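Hi,

Here is the structure I said I would pass on.

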Amino acid sequence: MISVENLTKSFGKFKALDNVSLSFNRGNTISLIGPNGSGKTTLIKSILGLVIPEKGIIRINGTEIKSNPIYRSQIGYMPQIGRYPENMTIRQVINMLKEIRKDCNSYDEELIEGFGIPALQHKTMRSLSGGTRQKVSACLAFLFQPDIFILDEPTAGLDPVSSELLKDKIIKERENGKLILITSHVLSDLDDITSHVVYLQEGKLIFYKDIEQLKESTGENKLNKVIAMIMQKDFLKVHAI
Amino acid sequence: MKTIIKYVLLDLLRNKTILVYTFILAVLAVSVLSMSGNSSKGLLSLLNITLLFVPIISILFATIYFFNSVEFTELLLAQPIKRKAMILAEYIGVAFALSIAYLVGVGLPSVLLNYSLASLTLIISGVLLTLIFTALSLLIFVLFKDKTKGIGAAIITALFFTLLFDGLLLSFIYSFSDYPIDKPLLGFISLNPVDLGRILVLLQLDVAVMMGYSGALFKEFMGSAIGSIYSIACMTLWISLPLVTSVRKFRKKDL
């Protein structure tokens, strides 16, 4: 569904992505993991066309993304930091997005209901807490029923109930055959939802593996244990995964 | 694009800074116009207020607004929207809001209290300056990645055109006073939108004495009709050039 070939991007001297090639398929939840500054957000932003890569090709459903923005109608994006015009109300933000996306006329408002947004809809964005803003971002990502979800740190700042609700929604969409790309530092949040793991370090792809396979070769059951094990020296070389 | 403009305006017309800006302009305009008995004197003070406030407020407010809405711009660009449409919509929204503030603050009082061709020119000049300095702030936003540097550049740009440029012009005149520099001087003035705005209004007022060297030159060389057309044309260029450059650069900008 998404294929990335030899993607390279640097900011000044700093190489954010170094010759990364990947391909993601329908029905998978792919967790992008890596230390800070490893290129996760740059990868996501390149797919969204927000960052212009130096080298490399990105294809979505076989067509190369270039200047034509139409492909983005298939993507629901939830940014890491949600900041909105201060004086707009939640309702106005949602209506604005709906007006921009005139091509779509059936909406998925499950999260809006689930998070209890209708009760807050007349509040201005300025008065909202970080968590509530995060909820609005999540609602907007799911609103237009896209085929691909790109979620950048979705559970950061959410309370446990909302976080579970969002995770359930992610699992449900995956079962509907959608592709979900997700980054998070909270590995325990990714545990039940991940099907594949992409590990990036200093802009390089270290591995891209099926989660079951990883659990088997490490003998661990929890994602954070798995990753910790792999990060130990020479594990990759010895096991050749 | 219309949708974005609509919502940017909806947000900005409830913005406290815009409301305070409108209010201060209105208070200044009403007091200046009703205090002095001589109408052209009142307009002249209003012109000075315009030339002082409009550039710096427009450029600072717009720059801060553009940098603050970076995250929302990103979110919208993740929708199927062209970058060009996005950035132009933001420009139009901000420029429109600031122009409305000027029209209500200065335009309304001067039309009601002192309706004349000169007042109308003052309004046109103020609106053009708003559009110019908002366009310059868009350019600053596109060129700088860092908000603090961007705001610094905005302050320097505003100070350059409102204060520094005149100093440079004076030293130019002073050091080349033995040569025929009238024509190069005309070209020089076109490089400063604030001077162009001043000349546009002064050409309509009968205060040749107060026009200084550059204004007198303008009147002598071009008469008021051609002079006005020339300065409006230059100011339009001052709007369109930064806009075109911003759109081009924004296409390649990493967000």
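Below is what I found, going chain by chain and then on to where the chains meet.

One thing to keep in mind throughout: this is a predicted model.

**Chain A**

Let's start with chain A, which has nine helices and ten strands. Its radius of gyration comes out at 18 Å, close to the 18 Å that the globule rule gives for 241 residues, so chain A is as compact as a globular protein of that length. If you box its C-alpha atoms along the principal axes, you get roughly 60 × 40 × 35 Å. Of the 241 residues, 41% count as buried. As for contacts in chain A with a separation of 6 or more, 71% of them come from residues 24 or more positions apart.

Which strands make up the open sheet in chain A, and in what order? Four of them do, running β2-β1-β4-β5, with antiparallel pairing. At the edges stand β2 and β5 (63-64), each with a single partner strand, so one side of each is left without a neighbour in the sheet. Further in, you can follow β1 (residues 2-11) of chain A alongside β4 (residues 55-60) of chain A: the two pair in the antiparallel sense over five bridges. To find the spot on screen, pick A:Ile2, whose bridge partner in β4(A) is A:Ile60.

As background, most residues other than glycine have a negative phi. A:Asn19 has a positive one, near 55 degrees, and is not a glycine. You'll find A:Asn19 in strand β2 (residues 14-24) of chain A. Is A:Asn19 buried or partly exposed? It is partly exposed, because 14 other C-beta atoms lie within 10 Å, and a residue needs 20 or more to count as buried.

A:Glu202 sits in the loop between β9 (196-201) and β10 (204-210) of chain A. With 15 C-beta neighbours inside 10 Å, A:Glu202 also counts as partly exposed.

**Chain B**

Chain B has ten helices and zero strands. Its radius of gyration is 19 Å, close to the 18 Å that the globule rule gives for 255 residues, so chain B is as compact as a globular protein of that length. The C-alpha trace of chain B spans about 55 × 45 × 30 Å along its principal axes. Buried residues make up 44% of the 255 in chain B. Take the contacts in chain B between residues at least 6 apart in sequence, and 80% of them join residues at least 24 apart.

B:Lys41 belongs to helix α3 (residues 39-68) of chain B, and is partly exposed, with 15 other C-beta atoms within 10 Å.

Helix α4 (residues 70-77) of chain B is worth a look too. Its buried residues are B:Phe72, B:Thr73, B:Leu75, B:Leu76 and B:Leu77. What do they pack against? The answer is α1 (2-12) and α5 (83-113) of chain B.

**Where the chains meet**

Across the interface, 20 residues of chain B are in contact with 24 residues of chain A. On the chain B side, α1 and α4 each supply at least two residues. The most comes from α4(B), which gives five residues. Sorted by class, the side of chain B that touches chain A has nine nonpolar, four polar and seven charged residues.

**The nonpolar core**

Last, the largest nonpolar core has 137 residues, and those touching the most other members are A:Val93, A:Cys139, A:Ile150, A:Leu181, B:Val94, B:Ile132 and B:Ala135. Helix α6 (residues 117-143) of chain B gives the most to this core, with 16 residues. If you want one place to start, go to A:Cys139: leaving aside its neighbours within four places in sequence, A:Cys139 is in contact with A:Leu111, A:Ile112, A:Phe115 and A:Ile117.

Happy browsing!

Definitions and conventions:
Residues numbered from 1 in each chain as written. Chains lettered and ligands numbered in written order. Predicted model: local features only at pLDDT ≥ 70, side-chain atom pairs only at ≥ 80, totals over all residues. Buried ≥ 20, exposed ≤ 12 C-beta atoms within 10 Å, placed from the backbone. Helix = DSSP H or I, 4+ residues; strand = E, 2+ residues; numbered from the N terminus. Contact = placed C-beta atoms within 7 Å. Nonpolar A, V, L, I, M, F, W, Y, C, P; charged D, E, K, R; others polar. Core = buried A, V, L, I, M, F, W, Y, C linked by C-beta atoms within 7 Å. Rg over C-alpha atoms; globule rule 2.2 N^0.38 Å. Pairing = 2+ DSSP bridges.
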